[in-house]
Amino acid sequence: IDTQEGNIALSVARSRMSASNPHQLLVLMVALGLFMTWVAYLFLRNQLKPIKRLSDAAEAFGKGRVVTYHPSGATEVRSAGHAFLDMRARIEGMIEQHTLMLSGVSHDLRTPLTRMKLGLSMLDEGPEVEALLRDVAEMEALLATFLDFARSEALDDPVAIDPIALVQALVDDLARGGARVDLVLPARGGTLMLRPQAVRRCLTNLISN
């Protein structure tokens, strides 16, 4: 140390400026890099799992199915999950309210239709009266169909069921009733999320028509 000039000189041996075993340093760097990569992979996988579960729940709800979902993961992902659950609950409530309202309206329309049918039956028979009676019968059939739909929406939840077995049971019931229905389907297994009552009603209407 030069006190007059204020300079500091530092001497270090050349052997101390380089690693005595450079291959050990390389191995340590590679091992540390692999370890950090593994940690990052686990972290990203744990963060992507809740996002995938949220995506599956949203996709299922868009197809009319409700699957169990519990928010998890990072704070932002949990917030999005809670927002999705709130949105799903509001949509289900709105659909139920609208279905009940339209069901009530359809039920109330049966009374004036019955009066119209009774009044037409007291008139003299003729082409015009027969045409009006057919119109009233068609309106009654439409109201009955909508009421059946409203009941199925309120009572029939999607369940895992074999569609081939469902159709086979329907064909057997129709055959016992005297209908001539043949089932031509491949006998393969598998299940689908379906509303059994709604599907049976739909197929019954198609076969009857």
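## Basis of the model

Contact here means heavy atoms within 4.5 Å. The structure is a predicted model, in which local features need pLDDT of at least 70 and side-chain atom pairs count only at pLDDT 80 or more, while totals for chains, interfaces and linings use all residues. Residues are numbered from 1 along each chain as its sequence is written, and side-chain values use heavy atoms, with hydrogens and water left out.

## The chain as a whole

The chain has five helices and two strands. Helices (H or I, at least four residues) and strands (E, at least two) are DSSP runs, numbered from the N terminus. Read from the N terminus, the order of elements is α-α-α-β-α-β-α.

Of the 209 residues, 14% count as buried. Buried means under 20% relative accessible area, exposed over 50%, and partly exposed in between, with a 1.4 Å probe and protein chains only. The chain exposes about 16,300 Å², of which carbon and sulfur atoms supply 62%. Accessible areas come from the Shrake-Rupley method with a 1.4 Å probe; for residues, only the protein chains shown count as cover. Among contacts between residues at least 6 apart in sequence, 66% join residues at least 24 apart.

## Helix α1

Helix α1 covers residues 22-62 and includes W38. W38 belongs to a nonpolar surface patch together with L32, F35, M36, V39 and Y41, and the accessible area of the patch is about 650 Å². Patches are made of residues with over 30% relative accessible area and no salt bridge; like charges are joined within 9 Å, and nonpolar side chains (Val, Leu, Ile, Met, Phe, Trp, Tyr) within 5 Å.

A salt bridge is a side-chain nitrogen of Lys or Arg within 4 Å of a carboxyl oxygen of Asp or Glu. Two are found in the whole structure. One of them joins the side chains of D56 and K52, at 3.0 Å from N to O. D56 and K52 are separated by about one helical turn, because they are four residues apart in helix α1. D56 is partly exposed, at 34% relative accessibility.

## Helix α2

Helix α2 spans residues 75-121, which is 47 residues. From first C-alpha to last it reaches 69 Å, close to the 69 Å expected at 1.5 Å a residue. The expected span is 1.5 Å times one less than the number of residues. Its buried residues include V77, F84, R88, S103 and S106.

R88 is buried but has no salt bridge, and E92, the nearest side chain of opposite charge, is 4.5 Å away. Lys and Arg count as positive and Asp and Glu as negative; His and the chain ends are not counted. Leaving aside residues up to four places away in sequence, R88 touches F61, V66 and V67.

A salt bridge joins the side chains of K117 and E140, at 3.7 Å from N to O. This pair links distant parts of the chain, with K117 in helix α2 and E140 in helix α3 (residues 127-155), 23 residues apart. K117 is partly exposed at 40% relative accessibility, and E140 is partly exposed at 26%.

L147 lies in helix α3 and is buried, at 2% relative accessibility. Leaving aside residues up to four places away in sequence, L147 touches S103, S106, H107 and R110. L147 and S106 are 41 residues apart in sequence, yet their C-alpha atoms are 7.0 Å apart. T114 in helix α2 is partly exposed, with a relative accessible area of 47%. From T114 to A137 the C-alpha distance is 9.8 Å, across 23 residues of sequence.
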